[in-house]
Amino acid sequence: MIVVNVVISLLVIVVLQFAGMYIFSLMTPYRDMEEVNKGNVAVGITMGGKFVATAIVLAIAAYTNSSIWHMSLWFAVGYVCLIATYWVFDWLTPGVRLSDQLKQGNIAVGTLLAAVYIGMALTVGSLII
């Protein structure tokens with residue numbers, strides 16, 4: 001029975017992680033993986049930051065909840081905060097259009113945005129606990 005619960009939990013975690021990444025990819029006006037395939041390091045760094053941030057929120061939600069339903073619910077709350085982070089950060093930096101800078105390969109913007117995502121995930125994660 002324990003093995004079944006672990007397998008189901010892992011499947012749910014993988015689905016949530018990739019669903020989160022898919023939703024993040026819909027937020028950009030370009031195709032993330034196409035940009036990575038072209039060698040766009042800025043987009044790759046940002047995607048890595050999104051993946052780590054999503055994983056942090058998901059890991060904390062999984063660690064602090066004993067049911068898959070509650071874990072998924074808290075992940076959704078944390079994930080909405082991550083999405084809001086992008087829009088708020090874009091709004092707070094009016095001189096820099098994030099999506100344009102990333103598409104142009106601006107590594108500084110990609111690194112900064114990845115750090116913002118990871119920092120926000122840690123902050124949001126502390127609220128879940």
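The legends below describe close-up views of a predicted model.

Residues are numbered from 1 along each chain as its sequence is written. Local features need pLDDT of at least 70, side-chain atom pairs count only at pLDDT 80 or more, and totals for chains, interfaces and linings use all residues, while side-chain values use heavy atoms, with hydrogens and water left out.

**View 1. The aromatic pair of phenylalanine 24 and tyrosine 117.** A search of the whole structure finds five aromatic pairs. Rings of Phe, Tyr and Trp (its six-membered ring) pair if their centres lie within 6.5 Å; planes under 30 degrees apart count as stacked, over 60 as edge-to-face and the rest as tilted. The ring centres of phenylalanine 24 and tyrosine 117 are 5.3 Å apart and the planes stand at 65°, so this pair is edge-to-face. The pair links distant parts of the chain, 93 residues apart: phenylalanine 24 lies in helix 1 (residues 2-26) and tyrosine 117 in helix 6 (residues 107-128). Helices (H or I, at least four residues) are DSSP runs, numbered from the N terminus. Phenylalanine 24 is buried at 1% relative accessibility, and tyrosine 117 is buried at 0%. Buried means under 20% relative accessible area, exposed over 50%, and partly exposed in between (1.4 Å probe, protein chains only). Phe24 and Tyr117 belong to one aromatic cluster with Phe75 and Tyr79.

**View 2. The aromatic pair of tyrosine 86 and tryptophan 87.** Here the ring centres are 4.9 Å apart and the planes are at 85°, so the pair of tyrosine 86 and tryptophan 87 is edge-to-face. Tyrosine 86 is buried, with a relative accessible area of 3%, whereas tryptophan 87 is partly exposed at 45%.

**View 3. The salt bridge of glutamate 35 and lysine 103.** The count of salt bridges comes to five; a salt bridge is a side-chain nitrogen of Lys or Arg within 4 Å of a carboxyl oxygen of Asp or Glu. In the bridge between glutamate 35 and lysine 103, the closest N and O atoms are 2.9 Å apart. Glutamate 35 sits in helix 2 (residues 32-37) and lysine 103 in helix 5 (residues 98-103), so the pair links distant parts of the chain, 68 residues apart. Glutamate 35 is buried at 5% relative accessibility, and lysine 103 is partly exposed at 42%. A network of salt bridges links Glu35, Lys38 and Lys103.

**View 4. Salt bridges of arginine 97.** Arginine 97 meets aspartate 90 in a salt bridge with an N to O distance of 3.8 Å. Arginine 97 also forms a salt bridge with aspartate 100, where the closest N and O atoms are 3.7 Å apart. Arginine 97 is partly exposed, with a relative accessible area of 48%. Aspartate 90 is buried at 13%, and aspartate 100 is partly exposed at 38%.

**View 5. The largest nonpolar core.** A nonpolar core is a set of buried Ala, Val, Leu, Ile, Met, Phe, Trp, Tyr and Cys residues joined through side-chain atoms within 4.5 Å. Among the 30 residues of the largest core, Phe24, Phe75, Leu82, Leu102 and Leu113 touch the most other members. At least two residues of this core come from each of helix 1, helix 3 (41-64), helix 4 (68-92), helix 5 and helix 6. Helix 3 supplies the largest share, nine residues. Leaving aside residues up to four places away in sequence, leucine 82 touches Phe24, Ala53, Thr54, Val57, Tyr117, Met120 and Ala121, where contact means heavy atoms within 4.5 Å.
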